[in-house]
Amino acid sequence: MSLFECNADKELMVRLKHDADLVQSITELARSKGIEAGSFTAIGALKSARLGYYNQSSHEYREIKIDSPHELASCTGNISLKDGEPFVHAHVVLADEVGNTKAGHLLEGIVFAGEVHLRQLEGPRLERKYDEVTGLSLWNAE
Ligand code: ZN
């Protein structure tokens, strides 16, 4: 286990723009506000999305395309640094018109309406580094 003790700093409530990409919007917000670490939740609705399912054997993301409107029933994520830049990692649960859900790692989500609660964190540098076991960029373990 790697432990990073952080303190909550600012809390930001953000309404996303129509037709913006959720991941890009939060990345740009972090960049413009100098946020290097944080966590967030979001709710709303997406027009379309691309989800990822990480294959633990091949170390590749399988892409799941969603080309219809869905409720953004849940979105949770974090912000840390990758190559010195703010990096957003988000997972979503999307619900269709009868309440069936699809979920996964969010690659792209085109916003119909989106409300984000972002908590900025202060503390040790939370930096992603390549992890050989998983093939993912994980928080650097000293
Ligand atoms: Zn993920």
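This report covers the fold, the zinc site, strand pairing and salt bridges of the structure above.

The model is predicted, so local features are used only at pLDDT of at least 70 and side-chain atom pairs only at pLDDT 80 or more, while totals for chains, interfaces and linings use all residues. Residues are numbered from 1 along each chain as its sequence is written, and side-chain values rest on heavy atoms, without hydrogens or water.

## Overall fold

The protein contains 1 helix and 8 strands. Helices (H or I, at least four residues) and strands (E, at least two) are DSSP runs, numbered from the N terminus. Read from the N terminus, the order of elements is β-α-β-β-β-β-β-β-β. The radius of gyration is 15 Å, close to the 14 Å given by the globule rule for 142 residues, so the protein is as compact as a globular protein of that length. That radius is taken over C-alpha atoms, and the globule rule is 2.2 Å times the number of residues to the power 0.38. The C-alpha trace spans about 45 × 40 × 20 Å along its principal axes.

Of the 142 residues, 35% are buried. Here buried means under 20% relative accessible area, exposed means over 50%, and partly exposed lies in between (1.4 Å probe, protein chains only). Among contacts with a separation of 6 or more, 69% are between residues 24 or more positions apart; a contact means heavy atoms within 4.5 Å.

## Zinc site

Three histidines supply the protein donors of the zinc ion: His89 through NE2, His91 through NE2 and His105 through ND1, at 2.0 to 2.1 Å. Donors are N, O and S atoms within 2.8 Å of the metal (3.2 Å for Na, K and Ca); water is not among the atoms, so sites may look incomplete. Along the chain the donors have the spacing H-x1-H-x13-H. His89 is partly exposed at 23% relative accessible area, and His91 is partly exposed at 39%.

Strand E4 (residues 70-82) and strand E5 (residues 85-95) run antiparallel and are joined by 11 bridges. Two strands count as paired if DSSP finds at least two bridges between them. The hairpin of E4 and E5 has 2 residues between the strands, and Asp83 there takes a positive phi near 55 degrees.

E5 also pairs with strand E6 (residues 101-122), again in the antiparallel sense, over 5 bridges. Leu94 has Lys102 in E6 as its bridge partner. The hairpin of E5 and E6 has 5 residues between the strands, and Gly99 in the turn has a positive phi of about 90 degrees.

Asn78 belongs to E4 and stands opposite the zinc donor His89 in E5. Asn78 is buried, with a relative accessible area of 17%. Its side chain makes a polar contact of 3.2 Å with the side chain of Arg128. A polar contact is a pair of N or O atoms within 3.5 Å; within protein, one must be able to donate a hydrogen and the other to accept it, and residues adjacent in sequence count only if both atoms are side-chain atoms. Leaving aside residues up to four places away in sequence, Asn78 touches Gly38, Ser39, Phe40, Phe87, Val88, His89, Arg128 and Trp139.

## Salt bridges

Side chains of opposite charge can pair when their charged atoms come close. With a salt bridge taken as a side-chain nitrogen of Lys or Arg within 4 Å of a carboxyl oxygen of Asp or Glu, the count is 6. Some of them are listed here.

| Pair | N to O distance |
|---|---|
| Lys47 and Asp19 | 2.4 Å |
| Glu85 and Arg31 | 3.3 Å |
| Arg125 and Glu127 | 3.0 Å |

The salt bridge of Lys47 and Asp19 links distant parts of the chain: Lys47 lies in strand E2 (residues 38-55) and Asp19 in the loop between strand E1 (7-15) and helix H1 (22-33), 28 residues apart. Lys47 is partly exposed at 35%, as is Asp19 at 47%.

The salt bridge of Glu85 and Arg31 also links distant parts, with Glu85 in strand E5 and Arg31 in helix H1, 54 residues apart. Glu85 is partly exposed at 38% relative accessibility, and Arg31 is partly exposed at 48%.

Arg50, Glu63 and Glu108 are linked in a network of salt bridges.
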